[in-house]
Amino acid sequence: MSKVVILEGSPKKRGNTDLMCEAFADAAQAAGHDVQVIPVGRMHIDGCKGCGACYKAGRPCVFNTDEWNDIAPDILAADAIVFATPVYWFGWAAQAKAALDRMFCFLPKGEEFRGKKCAFFSAAADGEDVFEAPLMVFEKSAALNGWEVIGEVCAARCGAHGAVRETDHLAMAAAVAERL
């Protein structure tokens with residue numbers, strides 16, 4: 001079965017984004033997939049410096065000042081990556097976006113980083129239109145890397161902690177696991 005990494009980008013524990021990730025993870029594990037949740041929203045991950053010296057020091061990033069080099073090998077080895085972030089100020093949460101930006105180090109890996117499956121989960125207090133920019137970033141990243149998008153679940157009007165429980169978005173996130 002597949003090795004799946006969930007990059008959970010919310011700084012809130014047990015928030016709406018976490019709950020969607022949990023629903024997906026439970027379904028994926030029940031189907032026999034190896035699932036690893038990486039709580040990037042609660043980790044110390046700096047933004048990419050754009051120096052282009054990736055892997056020149058024998059590790060993904062030459063700077064070893066945060067937790068990126070600890071999780072990068074798991075992301076590279078995954079067959080599927082789930083990106084999960086709440087919408088903050090019409091975009092990805094800064095913590096989740098920093099993790100995505102740091103994937104720049106994988107571009108020299110070429111085919112080793114291409115061909116993965118990917119999904120996107122997000123929650124926001126506002127209506128559906130707030131997902132336009134976050135989805136564009138996800139979809140362009142998937143296209144750049146030759147990834148197959150297997151699902152996008154965006155929970156609008158779910159600003160209150162746990163509000164996603166009152167919607168069908170948990171079931172929708174779980175259903176994405178069927179496409180692994």
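The legends below accompany close-up views of a predicted model.

**View 1. Aromatic pairing around F83 and W147.** The model contains 10 aromatic pairs, and one of them joins F83 and W147 in a stacked arrangement, with 5.7 Å from centre to centre and 25 degrees between the planes. The two partners come from distant parts of the chain, 64 residues apart, since F83 belongs to strand β3 (residues 80–88) while W147 sits in the loop between α4 (132–145) and β6 (148–155). F83 has a relative accessibility of 3% and therefore counts as buried, and W147, at 7%, likewise counts as buried. Ring pairs also link F83 and W147 into a cluster with W68, W92, F106, F113, F120 and F138.

**View 2. K49 and the ring of F63.** K49 is placed over the face of F63, at a distance of 5.2 Å from the ring centre.

View 3. S10 is located in the loop between β1 (3–8) and α1 (16–30), and its relative accessible area of 4% falls under the 20% cut-off, so S10 is classed as buried. A polar atom of the S10 side chain lies 3.1 Å from the backbone nitrogen of K12. When residues up to four places away in sequence are left aside, S10 touches T17, G41, R42, A84, P86 and Y88.

**View 4. Salt bridges involving helix α3.** Six salt bridges are present in the structure, among them the one between R102 and D66, whose closest N and O atoms are 2.5 Å apart. Because R102 lies in helix α3 (residues 94–102) and D66 in the loop between β2 (34–38) and α2 (68–77), this pair ties together parts of the chain that are 36 residues apart in sequence. Both R102 and D66 are buried. A salt bridge also joins the side chains of K97 and D101, at 2.5 Å from N to O, and these two residues are both in helix α3, four residues apart, which is about one turn of the helix. K97, at 28% relative accessibility, counts as partly exposed, as does D101, with a relative accessible area of 30%.

**View 5. The salt bridge between E128 and R157.** The closest N and O atoms of E128 and R157 are 3.2 Å apart in this salt bridge, which links distant parts of the chain, with E128 in the loop between β5 (117–123) and α4 and R157 in the loop between β6 and α5 (169–176), 29 residues apart. E128 and R157 are both exposed.

**View 6. The network of E8, D18 and R42.** Salt bridges connect E8, D18 and R42 in a network, and R42 is also one of the residues that S10 touches.

Definitions and conventions
Residues numbered from 1 in each chain as written. Predicted model: local features only at pLDDT ≥ 70, side-chain atom pairs only at ≥ 80, totals over all residues. Heavy atoms only, no water. Phe/Tyr/Trp six-rings, centres within 6.5 Å; stacked < 30°, edge-to-face > 60°. Buried < 20%, exposed > 50% of the residue type's maximum accessible area, 1.4 Å probe, protein only. Lys NZ or Arg CZ within 6 Å of the ring centre and 35° of its normal. Polar contact = N/O pair within 3.5 Å; in protein donor to acceptor, adjacent residues only side chain to side chain. Contact = heavy atoms within 4.5 Å. Salt bridge = Lys/Arg side-chain N within 4 Å of Asp/Glu carboxyl O.
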